[in-house]
Amino acid sequence: MTHPDGWTTMVDLIERVVGDDELLPSVVAGVRTTVREVSALPTSDIAGHTRALLVAATRALAARRGPTEAELSFVADLGVTRARQGVPIESVLGAIHFAERAIWARARELARDQGVSAEQLLDVRDLYDDWAEAVRARLISAHRATGASTDPLPGRRDTALLRRLLQGGSAATLAAAEAGLPVTDGLWVLVARPGETAAGIERAVREHPPVLCATVDDLMVGVLSRAPSARLKGTGAVAGLAGPAEPEKLAPVQRLATAALTAAESTGRTGLIHIADVAWLAALTERADLATVLLDRYAPAWATLGPTAESVAHAVLAWLESDRDVDLAGARLFVHPNTIRNRVRRFAAVTGIDPAGAFGAMTAWWLCRTWLHDAT
């Protein structure tokens, strides 16, 4: 081994290499170009893990020691992350090897100017190799253990890919790339209830690939590269739709598509329903806490209506959902238009809500829907 002063000089050289503002961007760009499986990862993801590994290695070299348990835990977390992202262990090691070559190549370039001999450089490289061997062993072990627990069963590849897509983040970006979906253009999420209609929906959306469809958590979920056609109208099928959004943002988009489906079902709508078309309905139907407040506030009104309460609520809903047309509402409920008028007036008198106004109409619709839902 070298003299302590020589070692200090050697450590200064490594720190200078690692601290080079141009080195890390160059390494990240090279990794993304050379290792295809990580090319879809965000630059910040690769840069963050590479920087952390470089800093850990530099500290180990400075102290002339092997990796600490904290460093090995970080490496294990990296292995778990890459396994969950679907990045093969060979690609992970390939990316690290590319970074190592770039670092040591830069160190050799600067060694002479820093007064570091080839023997000193070899000494520190030997120590680094010992550190890196332990790190690679922990990385491989964590990656393989995670992969064994997450590998999909035969025939479930689409479901596994879809679940990774809906996790968001870099895992979603890689899953989209693996499924052949564009990772830069916006993606759409479609949600429907499983069954015969869902099968028809899936057939319709698969006519315009690339598409990824599977049943996830009791819902048929599809991720599409373009907005689906409106072919489902008139078939009685209903599906919620949201998007477009980047792959890493698909988790909240799926929630919006599900909210669109629920809102459409609550009003008897069919076809492809984009969340933007039922935004206020979704906002109301998703707030069970506020619905409870409405029930409490207007409990006396329900009691006052007595046996006629449900028929009044149905009349107000039918009238509002028929754009305040008493003839259409009457036909819908098989009653005379004057009956609709009388029940709407009765509702207004008992509750104090004016259903003819914009805000009163929303409150009246929500209250009547909640009344009837609670009564069933």
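User: Why is R324 called partly exposed?

Analyst: The relative accessible area of R324 is 36%. Buried means under 20%, exposed means over 50%, and partly exposed is what lies in between (1.4 Å probe, protein chains only); R324 is therefore partly exposed. This is a predicted model, in which local features need pLDDT of at least 70 and side-chain atom pairs count only at pLDDT 80 or more, while totals for chains, interfaces and linings use all residues. Residues are numbered from 1 along each chain as its sequence is written, and side-chain values use heavy atoms, with hydrogens and water left out.

User: Is F334 counted as buried or exposed, and why?

Analyst: F334 has 77% relative accessibility and therefore counts as exposed. F334 belongs to the loop between α15 and α16 (337–351), and its phi is also positive, near 60°, in a residue other than glycine.

User: Why is R164 called buried?

Analyst: R164 has a relative accessible area of 14%, so R164 falls in the buried class. R164 lies in helix α7. Leaving out residues up to four places away in sequence, R164 touches R84, Q85, G86, A171, A172, L174, A175 and E178, where contact means heavy atoms within 4.5 Å.

User: To which class does D158 belong, and why?

Analyst: With a relative accessible area of 28%, D158 is partly exposed. D158 lies in helix α7 (residues 157–165). Apart from neighbours within four places in sequence, D158 is in contact with R206, L212, C213 and A214.

User: Which residues touch the most other members of the largest nonpolar core, and what makes a set of residues a nonpolar core?

Analyst: A nonpolar core is a set of buried Ala, Val, Leu, Ile, Met, Phe, Trp, Tyr and Cys residues joined through side-chain atoms within 4.5 Å. The largest one has 63 residues, of which L162, L165, F347 and W371 touch the most other members. Helix α14 (residues 309–321) supplies the largest share, 9 residues. A second, separate core of 48 residues includes A40, A60, L72 and V92. In soluble globular proteins, nonpolar side chains tend to be buried together.

User: Why are α14 and α17 called oblique to each other?

Analyst: The axes of α14 and helix α17 (residues 358–375) come within 9 Å and cross at roughly 135°. Angles under 35 degrees count as roughly parallel, over 145 as roughly antiparallel, 65 to 115 as roughly perpendicular, and the rest as oblique; α14 and α17 are therefore oblique. Their contact divides into 11 nonpolar, 1 polar and 3 charged residues (nonpolar: Ala, Val, Leu, Ile, Met, Phe, Trp, Tyr, Cys and Pro; charged: Asp, Glu, Lys and Arg; polar: the others, Gly among them).

User: How are α3 and α4 oriented to each other, and why?

Analyst: The axes of helix α3 (residues 43–63) and helix α4 (residues 69–84) come within 11 Å and cross at roughly 155°. α3 and α4 are therefore roughly antiparallel to each other. By class, their contact has 7 nonpolar, 1 polar and 3 charged residues.

How values were computed
Helix = DSSP H or I, 4+ residues; strand = E, 2+ residues; numbered from the N terminus. Axes fitted to C-alpha atoms, helices over the stretch in contact; angles between N-to-C directions.
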